[in-house]
Amino acid sequence: MSDDSLLDAGQLARLKAKLRSGDAPAPAGDQRPPAPALPELGVIFFSGLSGDSDPYDLLVEVSRFVDRAGYNAVWTPERHFTEVGGAYPNPALLGAAVAMITENVRIRSGSVNLPLHDTLRVAEEWALVDNLSGGRVDLAVAPGWHSRDFVLKPEAYETRGQVLNESREELRKLWRGVAVERTDPAGERHDILTFPRPVQPDLPLWLTSSKSVDSWRFAGEQGLNVLTALINFGPAELQNRIGIYREARARAGLDPEAGVVSLMLHTYVGADTYEAVERVRGPMIEYLGSFVTQHATSGQAEAQDKARTLQNLDADRDEFLEMVFQRYVSSSSLIGDVKQARQTLEGFRDMGVDEVACLVDFGLSKDEVLASLGRLSQLLQKGA
C-alpha cells in the first residue's frame, strides 16, 4: 500500500505543494537540530588606536553603522592620563554624542569607575543621556584599578571596592527617585534628588569583573550583569566563573539564566582567516605591549611585578608578545573569517556568554573596521 493512500486527494495536493515550495517540515527521521543561538553582538571602544582615523570619527561612523545593522549596544570606557585610551575620559559625554546619532542600540558605559566620582553627578549625567536616547542607557561600573587615576580622588583608592558598592546602591536609589542626604558648606542637611529624571524607572547595571572569582559570585548574589574580558584568564576559567555566577544567582533566589554575561573580544572579520590574522598582527602586538606598560605603572604589586619582568626581557619580550598574540587569536578573540567567527561565537555561547562586545579600536583603519563589522553582521540576519 502506498503512503499516499493515507491522505485524501486534497490533503495530498496540499502536502505536495508545500514540499515543492520548501515549506513543509522534513520527515521525522531526517530532522536536524536547530543551529545554536549566537550571543548578541555590540561594539566596545577602549584604546583609541584607530589607524588612519581620529578616534571620534571612528566612534561616530561605527555607531551609525551598527545602529542600522542590528548590533545591540555601543560601549564607551572611562580612561584617564594615558595616551592609549586617553580619548575616552568621560563615557557620559560620548554616550550623549552616540544618543544623538542612533535610534536602536543600547548606550553603555564600559565602565564608569564609580569611586572616582560623586554619585550625584553620575546620576545627573547619565539621566541626561537616558533622556537624549529615549531610555537606552545601561551602565557597567567598576572600582578602578590604576593608582594614577586616583589623583582625582586619592582618599578612595584603598577602599575602592567598598566605595564602589556604596556608590552603586546610592546611584540606584537616585535613579529610582529616592532622595539622598547631603551636607552643604554651612553644615545644613538636605535631601537631594537629581534632575533631569531618567526615562527608565530602573537603571540596568553591569559589574566589570575579570580575574576575581569573588566578584563574579558577588555579581550573581546582587543580581548584577557582568562585563568581562579574557585578560587574566582563558576560556576554561571563563566557563568556570560563569558557572559560579549562575549558581550565586540561584542561591539568591534569582533566575540563574536571567543575568547577562557580556564578553569583550578583539574583533576583526576578514575575507579569509589568514588575511585577518596577518592584518591584525602588528596592531594587536603593539596594543598588547602598551597594555604591559600600563600594568607596570598601575600601583598593583602583582601586576607591576609581572609587567616589569616582561619589560626586562628585551628581545625575549617580542617573542613573548608573539606568543600572547597567538593565544589571543586561537582562543580569546573574534579574529578570522565569517565561518570562524560563527564557530567562535557558538563556542562562547555554549559556555554561557550572552553577548559579545566587539573591541574594534586597536589600530585598524576606519574602513577596515567598518568592512569587518559588515562581514560580521551577516551573522545577525535571521536564519544566518
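## Salt bridges

A salt bridge is taken here as a side-chain nitrogen of Lys or Arg lying within 4 Å of a carboxyl oxygen of Asp or Glu. In this predicted model, Arg 106, Arg 108, Asp 138 and Glu 355 are joined by such contacts into a network, and the count of salt bridges under that rule comes to 19. Side chains of opposite charge can pair when their charged atoms come close.

Among the individual pairs, Arg 168 and Glu 169 form a salt bridge whose closest N and O atoms are 2.8 Å apart.

## A link between distant parts of the chain

The side chains of Asp 202 and Arg 176 also meet in a salt bridge, at an N to O distance of 2.6 Å. This pair links distant parts of the chain, since Arg 176 belongs to helix H5 (residues 160–176) while Asp 202 lies in the loop between strand E6 (189–192) and strand E7 (205–208), with 26 residues separating the two. Asp 202 is partly exposed, having a relative accessible area of 41%.

The model contains 2 cavities of 30 Å³ or more, and the largest cavity holds about 50 Å³ of space. Its lining is made up of Ala 229, Leu 230, Ile 231, Met 264, Leu 265, His 266, Tyr 328 and Ser 332.

Strand E9 (residues 261–269) supplies the largest share of this lining, namely 3 residues. By residue class, the lining of the largest cavity divides into 6 nonpolar and 2 polar residues, with no charged residue present.

## The chain as a whole

The secondary structure of the protein chain comprises 12 helices and 11 strands. Of its 384 residues, 49% count as buried, and the accessible surface comes to about 18300 Å², with carbon and sulfur atoms contributing 52% of that area.

Among contacts in the protein chain with a separation of 6 or more, 74% are between residues 24 or more positions apart.

Definitions and conventions:
Residues are numbered from 1 along each chain as its sequence is written. This is a predicted model: local features need pLDDT of at least 70, side-chain atom pairs count only at pLDDT 80 or more; totals for chains, interfaces and linings use all residues. Side-chain values use heavy atoms; hydrogens and water are left out. Helices (H or I, at least four residues) and strands (E, at least two) are DSSP runs, numbered from the N terminus. Buried means under 20% relative accessible area, exposed over 50%, partly exposed in between (1.4 Å probe, protein chains only). On a 1 Å grid over the protein atoms alone, a cavity is a set of points where a 1.4 Å probe fits but cannot get out, and a pocket is an open set with protein on both sides within 12 Å along at least five of seven lines; lining residues have an atom within 4 Å of a point. Grid points are joined across faces, edges and corners, and a volume is the space filled by probe spheres set on the points. Ala, Val, Leu, Ile, Met, Phe, Trp, Tyr, Cys and Pro count as nonpolar, Asp, Glu, Lys and Arg as charged, and the others, Gly among them, as polar. Contact means heavy atoms within 4.5 Å. Accessible areas come from the Shrake-Rupley method with a 1.4 Å probe; for residues, only the protein chains shown count as cover.
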